[in-house]
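Student: I'd like to understand the labels used for this structure. Could we go through a few of them together?

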Amino acid sequence: MYCKNCGNPVDPNAAVCTQCGVPVGQGTNFCANCGQQTPPGSVVCMSCGYSLSGQSRALPGAKSKMAAGLLGIFLGAWGVHNFYLGYTGKGIAQLCLTILGLLTSCIYIGVFLCLGASIWGLIEGIMILSGSINTDAQGNMLAD
């Protein structure tokens, strides 16, 4: 992601560009997708074809927000939604937490491990559907 005001790379989670101080998403001088300068009044970036209409859109073949959110809600304890989005580290952590919880379910700690993993997955599923989490592990926007 690039600053639309100065064209320098910016963190997708940043509030302002560290180079020019302009809030992320504001400006019309540069393409947010490739960082190339754009002529005034352009609707589409001439370098990469990205829409400059102000709304960031998902690329063709992007992961589905609905699929990721529902996977998080229904199979979140197993980390399926994180594997789907490419966050394998978080997916493995949730999977191990659930398996450890099932193996130790004869003692009370196992129940809490499974419950914790389930709540973690449920919350992430809701965050995905509400738009709080809107990119996959590669930084690509999720498709609606």
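Student: Why is Ile-123 called partly exposed?

Tutor: Glad you asked! This is a predicted model, in which local features need pLDDT of at least 70, side-chain atom pairs count only at pLDDT 80 or more, and totals for chains, interfaces and linings use all residues. Residues are numbered from 1 along each chain as its sequence is written, and side-chain values use heavy atoms, without hydrogens and water. Buried means under 20% relative accessible area, exposed over 50%, and partly exposed in between (1.4 Å probe, protein chains only). Ile-123 has 45%, so the label is partly exposed.

Student: What makes Phe-74 exposed?

Tutor: Its relative accessible area is 65%, so Phe-74 counts as exposed. Phe-74 sits in helix α1, and a helix here is a DSSP run (H or I, at least four residues) numbered from the N terminus. Phe-74 also belongs to a nonpolar surface patch, along with residues including Trp-78 and Leu-129. Helix α1 gives the largest share of that patch, four residues.

Student: How do you know that Asp-136 has no salt bridge?

Tutor: A salt bridge needs a side-chain nitrogen of Lys or Arg within 4 Å of a carboxyl oxygen of Asp or Glu. For buried Asp-136, the nearest side chain of opposite charge, Lys-63, is 5.9 Å away.

Student: Which backbone nitrogen does the side chain of Asp-136 reach?

Tutor: That of Gln-138, at 3.0 Å.

Definitions and conventions
Lys, Arg positive; Asp, Glu negative; His and termini not counted. Polar contact = N/O pair within 3.5 Å; in protein donor to acceptor, adjacent residues only side chain to side chain. Patch = residues over 30% accessible without salt bridge, like charges linked within 9 Å, V, L, I, M, F, W, Y side chains within 5 Å. Areas by Shrake-Rupley, 256 points an atom, 1.4 Å probe, with all protein chains shown as cover. Helix = DSSP H or I, 4+ residues; strand = E, 2+ residues; numbered from the N terminus.
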